[in-house]
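User: I would like to learn how to read a protein model feature by feature, starting from the general idea and then turning to the case at hand. Could you take me through it?

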Amino acid sequence: MADIKSTGSTPNTIFLKDYESPVYLVKHVKLHFDLHETETIVTSQLAVNLNIENISLEKKFVLDGQNLELLSVKVNGELLSIDDYACDSEQLVITAIPSRCEVEIQTRINPENNKALEGLYLSSEMFCTQCEAQGFRRITYFPDRPDVMSTYEVTIVADKNKYPVLLSNGNLVAKGESEKGKHWATWQDPSLKPSYLFALVAGDLFCKEDTFTTMSGRVISLQVFVEHENSHKCDHALMSLKQAMKWDEDTYGREYDLDIYMIVAVNDFNMGAMENKGLNVFNASCVLASPDTATDADYYNIQSIIAHEYFHNWSGNRVTCRDWFQLSLKEGFTVFRDQEFSADLNSRAVKRIDDVNVLRNHQFAQDSGPMAHPIRPDHYIEISNFYTVTVYNKGAEVVRMIRNLVGGEGFRKGTDLYFERHDGQAVTTEDFVKAIEDANDIDLSLFQNWYSQAGTPELEVSGSYSETDEAYKLDIVQSCPDTSGQTNKKPFHIPLQIGLIDENGFDIPLFLDGNKGSSGSNQMTLELKNKSESFIFYNVNSAPVVSINRGFTSPVKIKIQHSDDELSFLFSHDRDEFNRWDAGQSLAINTLLNLIKLIREKQPLVIPDNVINSYRQTLTNSELDRALIAQAMTLPSEGYLADQLDIVDVDGIHQARTFMRMELAKSLRREFEHVFQQGQSDAVYLFQADEMARRDLNQVCLSYLMLLQDDDIISVCMNQFENANNMTDVLSALNNLTHYDTELRQQALDKFYDKWKHDAQVVEKWFAIQATSDLPDILAKVKILMQHEAFTLSNPNKVRSLIGRFCAGNIAHFHAADGSGYTFLADQVLALDSMNPQIAARLIQSMSRWRRYDDKRQTLMRKQLERILAKKGISKDVYEITSRSLEG
């Protein structure tokens, strides 16, 4: 996959409309691995039979393969000559095979040379695999597509001293010693699975064990494998796994099916984790945690990701996707499941805010750029480019809307039917929706537009109050901007939860126009199905303030004329915690956009008193969750502000946001200091919602206070850095120090690295906080850090923490007017592409929306994109992102 190079001609585009079922199926796969760092021999025996559902007259057995040395091919034990098959850099094609037969293929591969980290490769001194989406073809020739589902038996042979642990999917059925200091293990997976779920690990690893008793009384062995120096960092992962297993039984009635569940942490990994059946392979940063090395965010993310991969056992493994266009079938559904899991175990309101921030900062931006695509794309060149926030996060929102439409009980009935109907099958998004429809006797045909149409719907909302009729009329008009290849979008089926708030801050009971039903409850979910809709509410005694899209019921943009006074009112009184936060964000956006206007006009900058007072009331409100206060006191990101402007004003946004933060720090210094002091604690670290909220709010307070550059505050910050008993507080202090060019800054950075230089995950944090520093010469510092002993381009985590964080997380400096950030990014993409095309392609997206900037920056970005595209032999991954960015 990743090695397929452009030779000047456009790579092939794959279309959903061209899908055909496989000509041959593989019912059983028997694999034998003789592991060696540079010469691994793989022997596969495939039980092949003709697929009666495929009516094609051309009966060829087509197997995918890349970077393989073919040693031999046999059919029913008979060795084939080179005239009996065709083989090139992409495929092995065998003609004239029986309708039922055994095909044996032997290949040689070089794991040590596999820097793309797809297929079988070496990470540190460990063999591991990554096969999603199309990595299995780098191991052996195979019909590498998700609708070919097989049972597997895998035997691994390796040097016993170097690789004492041999793992694969399923259950261990045999093991033993062999000649020349080697040993072997055989694993059987009785479940049907596609090749992308295959996994193999071999290494010298520590194993942390536990058990889980299922709801039917079965005892499941749980094992987490890590490098020996990380043996003390497994407890949180195991606890999170047990929490996920219990939650899935309680919430969905889903019980684990194998006898063992294994997790392996590896340092070199392109993604976060992989749900291989029974043997999850994880990026080490998504498994390892201890209070002195991991932050609250790390603990939180590990809990979520462990759960996500476990939930895939049903929503992805036992029921998988028919083709890669259906990727959101498993990922959108599973992201929704892990979001609800995290919300149940922690703060629901804060989780919702976190999820919406991802949508608004990243997914909405993707919807409005050249890479816009539906959650079920209809074409791609390289499928790895479509593991996106649209497929995952917007896909989760689509599932959430279905749940909102049918209710919690109806959704459970629908998912029960889905799992029962399709267990062991590879299916489509239509199959998922059909199960929900059948279980609830509901028509979701219009709702299907969410799967096929790209873009973020926009709702124009207006309201009018009749004092005579004591009625409030709400008018809503929906539209969706044109996107690449899609114009004149059809209406979406949109659930929209609303409330009406009276002048005293109380929700008004809702009685809707008789033609549309009645309620009397304090909030109601409206259903939009047409381009324009009107709703009339009666028994409204005074003009209300409308609270719309409560809990972010639907992933839409709301355009409503709320005055700043109304936003301040909602910020103080809305009973819906999400909308309360959202009103504060809207108030901040209005203030910041006005500041940007004043900057352009060279006028004095000022923050209105009512805005300052709204933030004061929120900061000092003892009845609010501290985590919610921390979120409310955090201003919208520079990236999200950029999306509110027709032409991105990089410098104006940065100046305005910096000014507003400084003014809040000055005006609320006493309140920030008071809340910070109240939040001090030397208690032993606990990963608990209330403790996380305390630390989070303290971090926010300290970040504001440090803007004042007061010696006493700097001393407090340095004391926290030196004496805090957990990484959350240490890193918060260090992060604040990195924005100021003082001796203390470098002293703290040096001290931190000297202490943690042997811990890869902590060093990644060290790179990341420097990459996002606000110092004027930060790009030069990033380039110096690339020469650091701890940095290497071959490790995706290091690339993401330094290069990725600078380009995507340090907007003002990446978009420097001289274009130096763009040249730097292009240099890194070209250097990475021959090594790891997936990581290279993801970096480019920082320049993909270049048309939204001023003419000078447009010219500079376009020049670098053209430079990348002109490079001979670029990968399909990079070609697709770059060409689509230039096409716009």
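This is a predicted model: local features need pLDDT of at least 70, side-chain atom pairs count only at pLDDT 80 or more; totals for chains, interfaces and linings use all residues.

User: Let us begin with sheets. In what order do the strands of the open sheet containing β10 and β11 lie?

Analyst: Strands of a sheet pair through backbone hydrogen bonds, in either a parallel or an antiparallel sense. Strands here are DSSP runs of E with at least two residues, helices are runs of H or I with at least four, and both are numbered from the N terminus; two strands pair if DSSP finds at least two bridges between them. In this model, four strands form an open sheet in the order β10-β11-β16-β13, with antiparallel pairing. The edge strands are β10 and β13 (165–168), each pairing on one side only. On average, neighbouring strands of this sheet are turned by 20° against each other, direction ignored, where axes are lines fitted to C-alpha atoms (for helices over the stretch in contact) and angles run from 0 to 180 degrees between N-to-C directions.

User: Are the two faces of β11 covered or open?

Analyst: In a regular strand the side chains alternate between the two faces of the sheet. In β11, M126, C128 and Q130 on one side and F127 and T129 on the other are all buried, which leaves both faces covered. Buried means under 20% relative accessible area, exposed means over 50%, and partly exposed lies in between (1.4 Å probe, protein chains only).

User: Which residues have the most contacts inside the largest nonpolar core?

Analyst: In soluble globular proteins, nonpolar side chains tend to be buried together. A nonpolar core is a set of buried Ala, Val, Leu, Ile, Met, Phe, Trp, Tyr and Cys residues joined through side-chain atoms within 4.5 Å. The largest one here has 283 residues, and those with the most contacts inside it are F432 and F537. Helix α5 (residues 389–422) gives the largest share of this core, twelve residues. Leaving aside neighbours within four places in sequence, F537 is in contact with residues including Y472, L500, F511 and M524.

User: How many disulfides are found?

Analyst: A disulfide is a covalent bond between the sulfur atoms of two cysteines, and the criterion used is a pair of cysteine sulfur atoms within 2.5 Å. A search of the whole structure finds zero. For C321, the nearest cysteine sulfur is that of C131, 15 Å away; for C701, it is that of C717, 13 Å away. C321 counts as buried because its relative accessibility is 0%.

User: Finally, how many salt bridges are there in the whole structure?

Analyst: A salt bridge is a side-chain nitrogen of Lys or Arg within 4 Å of a carboxyl oxygen of Asp or Glu, and the search finds 62. In one of them, D250 and K246 have their closest N and O atoms 2.6 Å apart; both lie in helix α1 (residues 235–252), four residues apart, about one turn of the helix. R694 and E691, with closest N and O atoms 3.0 Å apart, are both buried. By contrast, E663 bridges to K666 with closest N and O atoms 3.8 Å apart, and K666 counts as exposed because its relative accessibility is 51%. Salt bridges also form a network, linking E340, D344, R348, R352, E397, R400 and R403.

Methods:
Residues are numbered from 1 along each chain as its sequence is written. Side-chain values use heavy atoms; hydrogens and water are left out. Contact means heavy atoms within 4.5 Å.
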